[in-house]
Amino acid sequence: MEVAMIPGQSMTLDVPAVSPNGTAPRCAHLDGLAPVKPQSADCPDCRSRPGGPAGLVVCLTCGWVACSDDSPNRHARAHYEETDHPVAARFAPGSARRWCYVHQRLV
């Protein structure tokens, strides 16, 4: 038996197939996040280390800036593991890339 999908609906009742944040699957960890001001312009834990981080992210819960998982030190992941703040965004002008550490995916 073939199931006809209603546009904008998923297989689960009352759950949109696409989240309001674009084409990424819906993530409840985005709910209730207020805009945050980045606490620095770089990763404070990498300042005294040679070389720089491959990328920076900002915690969308508290504004902590840290090096991403693409960097050897992965300080943003350490911040998540310490605080349980679930979502970080790429720290670059105009970037909409957000990562949920709980779901281990872009949101």
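## Briefing: Tyrosine 101 and its surroundings

Beyond its neighbours within four places in sequence, tyrosine 101 is in contact with Val57, Asp69, Ala76, Arg77, Tyr80, His85, Pro86 and Ala88. Contact means heavy atoms within 4.5 Å. This is a predicted model, where local features need pLDDT of at least 70, side-chain atom pairs count only at pLDDT 80 or more, and totals for chains, interfaces and linings use all residues. Residues are numbered from 1 along each chain as its sequence is written, and side-chain values use heavy atoms, with hydrogens and water left out.

**The chain overall**

- The chain has one helix and five strands. Both are DSSP runs numbered from the N terminus: helices are H or I with at least four residues, strands are E with at least two.
- From the N terminus on, the order is β-β-α-β-β-β.
- Of the 107 residues in the chain, 29% are buried. Buried means under 20% relative accessible area, exposed means over 50%, and partly exposed lies in between (1.4 Å probe, protein chains only).
- The chain exposes about 7,100 Å², and carbon and sulfur atoms supply 55% of that area. Accessible areas come from the Shrake-Rupley method with a 1.4 Å probe; for residues, only the protein chains shown count as cover.
- Take the contacts in the chain with a separation of 6 or more: 46% of them join residues 24 or more positions apart.

**The aromatic pair**

- The structure holds one aromatic pair.
- Its partners are tyrosine 80 and tyrosine 101, which are stacked at 5.1 Å centre to centre, with 10° between the planes. Rings of Phe, Tyr and Trp (its six-membered ring) pair if their centres lie within 6.5 Å; planes under 30 degrees apart count as stacked, over 60 as edge-to-face and the rest as tilted.
- The pair links distant parts of the chain, 21 residues apart. Tyrosine 80 sits in helix α1, and tyrosine 101 sits in the loop between β4 (98-100) and β5 (105-106).
- Tyrosine 101 counts as buried because its relative accessibility is 6%. Tyrosine 80 is buried too, at 16%.

**The nonpolar core**

- The largest nonpolar core has 19 residues. Such a core is a set of buried Ala, Val, Leu, Ile, Met, Phe, Trp, Tyr and Cys residues joined through side-chain atoms within 4.5 Å.
- Cys43, Val87, Tyr101 and Val107 have the most contacts inside this core.
- The elements giving two or more residues to the core are β1 (56-59), β2 (65-67), α1 (75-83) and β3 (87-90).
- In soluble globular proteins, nonpolar side chains tend to be buried together.

**The salt bridges**

- The count comes to three salt bridges. Each needs a side-chain nitrogen of Lys or Arg within 4 Å of a carboxyl oxygen of Asp or Glu.
- Asp69, Arg74 and Arg77 are linked in a network. Aspartate 69 meets arginine 77 at 2.6 Å, N to O. Aspartate 69 also meets arginine 74, at 3.7 Å.
- Arginine 74 is partly exposed at 35%, and aspartate 69 is partly exposed at 28%.
- Arginine 47 forms a salt bridge with aspartate 42, with the closest N and O atoms 3.0 Å apart. Arginine 47 is exposed at 52% relative accessibility, whereas aspartate 42 is partly exposed at 30%.
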